[in-house]
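Student: Hey, I've just opened this one up and I'm a bit lost. Can we walk through it together?

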Amino acid sequence: MLRSDRWLRRALAIGVSFGLVVAACGGTNPTASPTAGPTAGPGDTPAPTEEPKTGGTIYMLTQAEEFDDIDPQRAYTGEDLAFFGSTIMRSLTSFIFSTDAAVANTLQGDLATDTGTANATADEWSFTLRDGLTWEDGSELTCEDVKYGVSRTFANDVIVNGPTYAVQYLDIPSNPVTDEADANSVFLSGYYGPYNGTGQDLFDEAVSCDGNTITFKLNQPVADFNYTVTLGFSPVPDPAGHPDLEDAGEQYTLRPWSNGPYKIDEYTQGNGGHLILVRNDAWNAESDPIRKAYPDVWQVDFGIDPKVMDQRIIASEGDDAFAIQYGSIQPENLETVFSDPETPNADFATRATSDFDPFARYYWIDTQKIPNVKHRQAMAVALDRDAIRANLGGEYAGALGDGVIKPNLGDQYAETGMWTDLFGQAVPDTGDPDFAKQLIADSGEPMPALTWDYPQTPVRDQEAAILVASFALAGITVTANPIPPGQYYGIVFDDEAAHEFGWAGWGPDWPNASTIIGPLFTDKGGWNISRVQDQDFVDAVQEALAELDHDTQAKMWQDLNKLAMERVYVIPTTFGLSQTFGGTKVQPLYQWAPYGSWPYAEMYVTP
Amino acid sequence: MAGYIVRRTLGMGLLLFLLSLTVFFLFSLMPADPARLTCGKACSPAVIEANRHHLELDIPPIEQYQRFVGGIFFGRTFSQDSPRPIECEAPCLGYSFLRNQEVLTMIARAAPVTFWLAIGGFATWMVVGLTFGIVAALKRGRWQDRTVMGIALVGYSLPSFFIGLVLYFFVILFLHLLPNPQWKSGMPFKELGGFFQTMLLPWITIATLNAAFYMRLTRNQVLEVFGEDYIRTARAKGLRERTVVIKHALRAGLTPIVTAAGLDLAYLLGGAIITENIFNLPGLGSLAIGSVLASDLPLISGITLVAASLIIFANLVVDLLYAVVDPRVRVG
């Protein structure tokens, strides 16, 4: 009896503890769309306090257990792109390192000598490589290596995830095999990638090398294609020119070759694991005006408990003085580090930042299940957005959103008027149940009962309660449906399993709303959880993508953002803020705008 | 005895088979779609279908299970029609497409960490639990007994995540008595000092809860034995009290404790999720929680199978030991 009781207690204890850990870990952003995005902080960026020094080790502490992907064709997380792009994985173009967000969002040549040259119709782009580019074995990095890297994106049988802009934009016919019974139907294009080789001539016509110049022929005008090449267009050694390298295909992500100032010395995934980067002696600094390469070593420590991580960096003792946080400060420590959401306390003045993160948070609404726009408007109007934000942490959590384009996207953003006049009258931050009831009455149909899907964390459990209560005031019945975070997107993308609306977040792939509006509200881009099928909207997106004049295009995105809000494809909640910090002996510590990351390429340790 | 061993071993085999069946289908029925999870951001129905084929999820579940079991005994090849097939030699517990590694490789890397954590924690709690439990029994009703039972009550009441965090914050971060724990491959044979610095607090964390339990258990067992007739007989024969306690009371009283300890150790070898996470130890517990959070089904299945096998094996060993100690068990 004694043992039975004990085993029962132990099972319960483990179960509860397990639940707590799961919930705590889910508290970090569980979205499967962690992407790059421009940021411009509401807080002042601290100025570096020391002259840059060469040498030492910078430690990165993270709760994550591994990087999503280091393969140049698969890396997609903004922080990962920023870190590896600054250390081992150069791209044709990249962004300027600057504390000024407007400057930092500016493109510059990286492997390429400049930001590329387009023809008059922007459907053909050329980039010329710099002289003296090398791989970590000292061999020359050639145009063929860039071409080979791009070709891997087409190998859908081996490279199973990552950005697919190459497939989307290059002028290569789609796969003629559509019968699912045929194994070749897995390919997205008529070119099956370098491992299979089918359609190689199609690829060679679309991507060609002439000496050091690589040319891309596109299937449509892409005015910002030189931004596109920051994502998934990085080189991989062409086996033909590098016989010593066996392209490990899918497992290349575990040990990619470096063309930057560092190379991988050790990579052990999991809790307690490390990624250690050491100097790449073959790197030619003269070919790289961007990366300063100050520290001798970068060490990433995986699986650090976030509470422990915060305390280590606050204490900043020993090696932790050279540590930076790869994540966010825990809510309970914000008052220790900041006096308000924009201002660090004196002890953290030069080592803490509070800036917009890349994400706009919103609730998607399945427009096929809720086709009546008045119903969707009623949902938006009924929501107590102020309480939702307060539950997330108040002003530290961010600003109330009015669309899916954040203000830090510069000229792409304009107020949508969603909460002022878009629905005919102003909507208070706390919601307007009476107005919601009126909209339901105007719809001519009864409001259906709703279910809200969300990736479960303790905070979102409370968010669900707030949502249900505020909708109830407007007579809308909502059932909250918690889903384990790891399974969330797998479920909500399933037409059968998903319910009427749910939680989501999104950040752009580069500083242009072309990577927001299209992916979220059309089937191209793969994040159309709202299941929008409005042809007029799709046509308008295509028109905007083809617009070569930047100012005109920006206005078109503004209008589409407003139209999407008028139709309430989503209900925007917050434009998120992120607070993070580092140790006392590492500088400069500011959030680099293009990816909302640390400025890795110019970081150094101080004595 | 031989017949008993054969029966029990066959039973274990059957149990393992049922376990593998349950684990496989239980996780196959989970609502998570691995094809979607490995799809990343730039996802489309076509990519999901490609992934489903790549992950061999487009074949009937029965065939998937056959391949799973076949892989354990004969090895298997993943992505067979891919130009880059992945060979997984027997015993193959699966392949994690999220981490691009064989499941067994990851388990083999994590197992030594959990092994040393379990052994150290086990030794600590057994020494502390038995010693103080015996003292409490011998000093029943006196201040020593009350003190030990008070400590046991407190220790038993504190959850391991609380103990771990308190130890971490005070011993490492505020008092700087130890460096941040950092497990390195090759420990403890390499960097013995670093090994003890890394494992000391995790051992204490694990041992606290268990030691408290074993204090109470030991005390109760010894006191129960003290009430037996043969102890009274031993005393009546005029044996010294020391001999009565050590030779007669403890020997009989500790037998069920050792049996329980064997099962607890096996349980711990399956991974100590909380402790490993707090102290950043790359053991099986950490691997398990990471796989669950990522819905990495092959890894979850592999770890569950290994951990459950350890428990089943430990049960077998315990049963056999019982059979040796108590012949009635063999015919029961």
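This is a predicted model: local features need pLDDT of at least 70, side-chain atom pairs count only at pLDDT 80 or more; totals for chains, interfaces and linings use all residues.

Tutor: Residues are numbered from 1 along each chain as its sequence is written, and chains are lettered from A and ligands numbered from 1 in the order in which they are written.

Student: Which residues of α7(B) and α8(B) make the contact?

Tutor: From α7(B), they include B:Ile163, B:Leu167 and B:Val171, and from α8(B), B:Leu201 and B:Ile204 are among them. Contact means C-beta atoms, placed from the backbone, within 7 Å.

Student: How many residues of that contact are nonpolar, polar or charged?

Tutor: Seven are nonpolar, four polar and none charged. Nonpolar covers Ala, Val, Leu, Ile, Met, Phe, Trp, Tyr, Cys and Pro, charged covers Asp, Glu, Lys and Arg, and the others, Gly among them, are polar.

Student: OK, new topic. What domains is chain B divided into?

Tutor: Domain 1 (35-96) and domain 2 (104-329), with bounds from an automatic or database domain assignment. Their C-alpha centres lie 39 Å apart. Seven residues of domain 1 of chain B are in contact with ten of domain 2 of chain B.

Student: And over in chain A, why is helix α11 largely enclosed?

Tutor: Eight of the ten residues of α11(A) (residues 373-382) are buried, so the rest of the structure largely encloses that helix. Buried means 20 or more other C-beta atoms within 10 Å of the residue's own, with C-beta atoms placed from the backbone. A:His375, A:Arg376 and A:Met379 are among the buried ones.

Student: What do the buried residues of α11(A) pack against?

Tutor: β14 (352-365), α13 (433-443), α14 (458-473) and β19 (570-581) of chain A. Helices (H or I, at least four residues) and strands (E, at least two) are DSSP runs, numbered from the N terminus.

Student: Which sheet is β14(A) in?

Tutor: An open one of six strands with mixed pairing, in the order β15-β19-β14-β18-β16-β17. The edge strands are β15 (398-400) and β17 (478-483) of chain A. Pairing takes at least two DSSP bridges between two strands.

Student: How do β14(A) and β18(A) pair?

Tutor: In the antiparallel sense, over six bridges. A:Ile365 stands opposite A:Phe501 in β18(A).

Conventions: A residue is buried if 20 or more other C-beta atoms lie within 10 Å of its own, exposed if 12 or fewer, and partly exposed in between; C-beta atoms are placed from the backbone. Two residues are in contact if their C-beta atoms, placed from the backbone, lie within 7 Å.
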